[in-house]
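Please keep the sequence and the model in view while reading the points below.

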Amino acid sequence: MAMLEVKDLEVYYGMIQAIKGISFEVNEGEVIALIGANGAGKTTTLHTITGLLSPKSGHVMFEGKDITKVPAHKIVSMGMAHVPEGRRVFAELSVYENLRMGAYTRKDKNEIEESLKNVYKRFPRLEERKNQMAGTLSGGEQQMLAMGRALMSKPRIILMDEPSMGLSPILVNEIFDIIRAVSESGTTVLLVEQNAKKALSIADRAYVLETGKIVLEGNAKDLLEDDSIKKAYLGE
């Protein structure tokens, strides 16, 4: 059984159909990339999976349970975390307070402290800046904070929306190294990313989304070599 299963999902904004009956699955331990141009429906898909949008039809199954109508905060406590596009850190709160917000569904104080230590180990810069207001961090540091905050909920699967957006090439490499490390530590990853080359380089499998439909799927390494992908997404 797949950890996450999306079945025949249809999503509308008013009269406009954004997602046109897509189906895909994510197995435990995988890194799955969802790639496509701007406006293809990638962010809408993530928002629907995490309960921020309601589909017109179709289902989202997580670990065998239908979560299509479950509210977003309950989905977090079931073990799913979402790193939103544009980072969305709490600018007026400190780095430490942002991280604590990530653990708001958890009760065990000792375990929360343990998670905090692990986040600081993975992102030493966040520990250095723990008392700094999140709004004063650089873009790369805010991205690390958004990822750290998501990890504080102790997710079984983490959904990341455009983590490399607006970052310098050096920081992009750093962020992707961290995503790989998160995966290797046992957290399943669903990655939405416009930087198709980077996404495919760390993913196990990938789905290509065009105007709300999945037009291609397969092993990430095969897609990296696919001529139509190279032409459309890799600038080759």
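A residue is called buried when its relative accessible area is under 20%, exposed when that area is over 50%, and partly exposed in between, with a 1.4 Å probe and protein chains only. The model is predicted: local features need pLDDT of at least 70 and side-chain atom pairs count only at pLDDT 80 or more, while totals for chains, interfaces and linings use all residues. Residues are numbered from 1 along each chain as its sequence is written, and side-chain values use heavy atoms, with hydrogens and water left out.

**Overall form**

- The protein chain contains 10 helices and 10 strands; helices (H or I, at least four residues) and strands (E, at least two) are DSSP runs, numbered from the N terminus.
- The radius of gyration of the protein chain is 17 Å, which agrees with the value near 18 Å that a compact globule of 236 residues would have. This radius is taken over C-alpha atoms, and the globule rule is 2.2 Å times the number of residues to the power 0.38.
- The C-alpha trace spans about 45 × 40 × 35 Å along its principal axes.
- Of the 236 residues in the protein chain, 48% count as buried.
- Contact means heavy atoms within 4.5 Å. Among contacts between residues at least 6 apart in sequence, 66% join residues at least 24 apart.

**Surface and charge**

- The accessible surface of the protein chain comes to about 11200 Å², and carbon and sulfur atoms account for 50% of that area. Accessible areas come from the Shrake-Rupley method with a 1.4 Å probe; for residues, only the protein chains shown count as cover.
- The protein chain has 30 positive and 32 negative charges, whose mean positions are 4 Å apart. Lys and Arg count as positive and Asp and Glu as negative, whereas His and the chain ends are not counted. Each charge is placed at NZ of Lys, CZ of Arg, CG of Asp or CD of Glu.

**The antiparallel sheet**

- Four strands form an open sheet in the order β2-β1-β4-β5, with antiparallel pairing. Because β2 (16-26) and β5 (65-66) stand at the edges with a single partner strand each, one side of each is left without a neighbour in the sheet.
- Two strands pair if DSSP finds at least two bridges between them. Strand β1 (residues 4-13) and strand β4 (residues 57-62) run antiparallel and are joined by five bridges.
- Glu10 stands opposite Ser57 in β4.

- Strand β3 (residues 31-35) runs parallel to β8 and is joined to it by four bridges; Ile32 stands opposite Leu190.
- Strand β7 (residues 157-161) also runs parallel to β8, with five bridges between them. Leu159 has Leu190 as its bridge partner in β8.
- β7 in turn pairs with β6 in the parallel sense over four bridges, where Met80 stands opposite Ile157.
- From strand β6 (residues 80-83), Met80 and His82 point one way and Ala81 and Val83 the other way, and all are buried.

**Individual buried residues**

- Thr188 lies in strand β8 (residues 188-192) and is buried, with a relative accessible area of 0%. Leaving aside neighbours within four places in sequence, the residues in contact with Thr188 include Met3, Val26, Arg156 and Ile158.
- Ser183 belongs to helix α7 (residues 169-184) and is buried at a relative accessible area of 15%. Beyond neighbours within four places in sequence, Ser183 is in contact with Gly29, Val31 and Val189.
- Ser183 and Ile158 are 25 residues apart in sequence and 9.2 Å apart in space, C-alpha to C-alpha.

**Residues with positive phi**

- Lys154, which is not a glycine, has a positive phi of about 55°. Lys154 sits in the loop between α6 (139-151) and β7 and is partly exposed, with a relative accessible area of 48%.
- Glu162, which is not a glycine, has a positive phi of about 50°. Glu162 is found in the loop between β7 and α7 and counts as buried, at 4% relative accessibility.
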